[in-house]
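Please work through the following exercises with the sequence and the 3D view side by side, trying each task before reading its solution.

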Amino acid sequence: MWEYDVITCTGRSATSADHDGNCTWNTEPIPFGADWKAAYRSAGARVHAHVLIRNANTGKSAITFKSIAGGGLCETCAQERGPAYDMVGIGLRYVGPACLESFYQDACGRAKAMGQYRPDPYRPAIAKADAER
Ligand SMILES: [Zn+2]
Ligand SMILES: [Zn+2]
């Protein structure tokens, strides 16, 4: 069972340079329980917010969404923003929509070449959470 908290930055500036390392975080997180979609929506609507996922059994946690308007900086192209996805064989990676689509098309291409079914579309961070439950 994984739980999702949203932690918000007290800064109001919409300029990402104003959020470089010196942010003050609101110590009172907003709990969303298991509703990860609502947590991502809420964080994405704020200037600067993190989604913290926490395993209720082990206490293990990870930040899977960093918004300065819309997610974490894509670790592939560093252009777009999006949530962290669990990429098979790689682990958690922040990926924007366009790169996610190209990862998925690659995976479909490999599956087709090996005569396998299309893989399920990637879902934000939840796949890892499910696997470790
Ligand atoms: Zn901030
Ligand atoms: Zn990208």
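The exercises below go from the whole chain to single residues, and the model they use is a predicted one.

**Exercise 1. Describe the overall make-up of the protein chain and the confidence of its prediction.**

Solution. Begin by counting elements, which gives three helices and eight strands. Then read along the sequence, where these elements follow the pattern β-β-α-β-β-β-β-β-β-α-α. For the dimensions, the C-alpha atoms fill a box of roughly 50 × 35 × 20 Å, taken along the principal axes. Finally, turn to the confidence: the average pLDDT of the protein chain is 86, and 92% of the residues score at least 70. Over residues 127–133, however, the pLDDT is below 50, and this stretch has seven contacts in the model beyond near neighbours in sequence.

**Exercise 2. Work out the order in which four strands form an open sheet, and find its edge strands.**

Solution. Take the pairs of strands one at a time. Strand 1 and strand 2 pair in the antiparallel sense over two bridges, and one position to look at is Asp5, whose bridge partner in strand 2 is Pro31. Strand 1 also pairs with strand 3, again in the antiparallel sense, over seven bridges; here Tyr4 has Ile53 of strand 3 as its bridge partner. Strand 3 in turn pairs with strand 4 over seven bridges, in the antiparallel sense, with Arg54 facing its bridge partner Ser61 in strand 4 and Val51 standing opposite Phe65. Putting the pairs together gives the order 2-1-3-4. Strand 2 and strand 4 (61–68) each pair on one side only, and they are the edge strands. To finish, look at the hairpin of strand 3 and strand 4, which has five residues between the strands and in which Gly59 takes a positive phi near 80°.

**Exercise 3. Decide which residues of helix 1 are buried and which are exposed, and explain how the buried ones are arranged.**

Solution. First list the buried residues of helix 1, which are Trp36, Ala39, Tyr40 and Ala43. Next, look down the axis of helix 1: the buried residues fall within an arc of 95°, so they line one face of the helix. On the other side of helix 1, Lys37 and Arg41 are exposed.

**Exercise 4. Find the largest nonpolar core and say which elements supply its residues.**

Solution. The largest nonpolar core has 20 residues, and those with the most contacts inside it are Ala39, Tyr40, Ala43, Val51 and Ala84. Going through the elements in turn, at least two residues of this core come from each of strand 1 (2–8), helix 1 (36–44), strand 3 (48–55), strand 7 (84–87), strand 8 (91–94) and helix 2 (97–113). Helix 1 gives the most, with four residues. To see one member in its surroundings, select Val51: leaving aside its neighbours within four places in sequence, Val51 is in contact with Tyr4, Val6, Ala39, Tyr40, Ala43, Ile63, Thr64 and Phe65.

**Exercise 5. Thr27 and Ala125 both need a label: is each one buried or exposed, and why?**

Solution. Start with Thr27, which lies in the loop between strand 1 and strand 2 (30–31). Thr27 has 7 C-beta neighbours inside 10 Å, and because a residue with 12 or fewer is exposed, Thr27 counts as exposed. Its C-alpha atom is separated by 9.9 Å from that of Thr10, 17 residues apart along the chain.

Now move to Ala125, placed in the loop between helix 2 and helix 3 (126–131). Ala125 has 24 C-beta neighbours inside 10 Å, and because the label buried needs 20 or more, Ala125 counts as buried. Then ask what surrounds Ala125: not counting residues up to four places away in sequence, Ala125 touches Ile53, Thr64, Pro83, Ala84, Tyr85, Asp86 and Leu92.

How values were computed
Residues numbered from 1 in each chain as written. Chains lettered and ligands numbered in written order. Predicted model: local features only at pLDDT ≥ 70, side-chain atom pairs only at ≥ 80, totals over all residues. Core = buried A, V, L, I, M, F, W, Y, C linked by C-beta atoms within 7 Å. Contact = placed C-beta atoms within 7 Å. Arc of directions from axis to C-beta. Pairing = 2+ DSSP bridges. pLDDT = per-residue confidence, 0-100.
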